[in-house]
Amino acid sequence: MTNLKDIKNRIQSVQSTQKITRAMKMVAAAKVKKAENTVKASRPFTAELSSMFKKLLASVGAYSSQSLKIKSAIDNYPELLQVREIKTVGLLVITSNKGLAGAYNANVVRKALQTIKEYETQGIKTIIYIVGQKGISTLKRKCKDLNCEISKTYLSVANEPTGEGAKIVIEDIAEDFVSHKIDKIEVITTRFKNMMSYFVENWTILPLKGLNDDHERITDNIIEPLMEFTPDMHNILQKIVPMYMTNILYQSLLEAQASELASRMTAMSAATTNAEKMIKELSVQYNKTRQFAITQEIIEVVSGANAQLG
């Protein structure tokens, strides 16, 4: 029979854990609503910017860097638009710095590993850029056995998504793309749906494809307004391309943050419920053990009394 003190200690331990999980659930619930509102508010801007960018590309026609002042790789938009033979793929994997978010990080890493293996079968090398400590710790081990290498890691970007943080990552990626270190860049992130669900997705950032997406293609029966450019179309496109790329990454970071918080809230809610069930089961076990001990003592006392009377 289990000792009463051991059961009592275990109940106290589970109660302490329950307090932590309940507090984490409340914190995640408070943050996820704000994150959800931010994601939903940013989606229309992202969609409109994407539409405007693709119409601009269609109007420009041939790309030229002759009249441009190029200070960094991200300013070299003609090179960023080049589609070339893919020998090396850059994979930006967005995870979180903290755990206890259910299967959120595991799902993202699993998708990344699946993508790496698919490219490996095609003879294509993968260079990885990782956002978040959870992705760094896991992929560092896994890359030893796969045809991939980790180029850069980012921790602060995962804590609080900002446009400036997204721009830093995009500048690093653009530099590697222009220098031909990578020929394509994909982002593995999550698409927030609601408080209970999200989807792991691949988003292609480079090369920029313009009007390649069928659902956003300009159809022949729609008359588009004539676009005028001041000072000229190439300088405007040079400004739009970095904005467009940065916004794609910023949107993916917002989606990932909302998905992570929703996953953590769900996980901590389930953990709190399970702790409650465990406390009830342990309490029943404690009462049964205590009742058995009392009954045993009564039997011993009665038996001793009967022995003296006999």
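**Salt bridges and helix packing in a predicted model**

At 26% relative accessibility, Arg 43 counts as partly exposed. I begin with this residue, in what is a predicted model, and follow its contacts.

The side chain of Arg 43 meets that of Glu 255 in a salt bridge, with 2.9 Å from N to O. Arg 43 belongs to helix α1 and Glu 255 to helix α7, so this pair links distant parts of the chain, 212 residues apart. Glu 255 itself is buried, its relative accessible area being 0%.

Glu 255 also forms a salt bridge with Arg 191, at 3.6 Å from N to O. Since Arg 191 lies in strand β4 and Glu 255 in helix α7, the pair ties together parts that are 64 residues apart in sequence. Arg 191, partly exposed at 30% relative accessibility, has a further salt bridge with Glu 201, at 3.4 Å. Glu 201 is partly exposed as well, at 24%. Together, Arg 43, Arg 191, Glu 201 and Glu 255 are linked in a network of salt bridges. The model's count of salt bridges is 10.

I turn now to the two helices. Helix α1, residues 4-60, packs against helix α7, residues 233-309, at an angle of about 160°, and their axes lie 4 Å apart. That angle makes α1 roughly antiparallel to α7. Their crossing is left-handed, and the contact comprises 36 nonpolar, 16 polar and 12 charged residues.

Finally, the disulfide. The count is one: Cys 143 and Cys 148, with sulfur atoms 2.3 Å apart. The link is left-handed, with -125° about the S-S bond, and both cysteines, Cys 143 and Cys 148, are buried.

Definitions and conventions. Residues numbered from 1 in each chain as written. Predicted model: local features only at pLDDT ≥ 70, side-chain atom pairs only at ≥ 80, totals over all residues. Heavy atoms only, no water. Axes fitted to C-alpha atoms, helices over the stretch in contact; angles between N-to-C directions. Parallel < 35°, antiparallel > 145°, perpendicular 65-115°, else oblique. Left-handed = near helix turned anticlockwise from the far one by under 90°. Nonpolar A, V, L, I, M, F, W, Y, C, P; charged D, E, K, R; others polar. Disulfide = S-S within 2.5 Å. Buried < 20%, exposed > 50% of the residue type's maximum accessible area, 1.4 Å probe, protein only. Salt bridge = Lys/Arg side-chain N within 4 Å of Asp/Glu carboxyl O.
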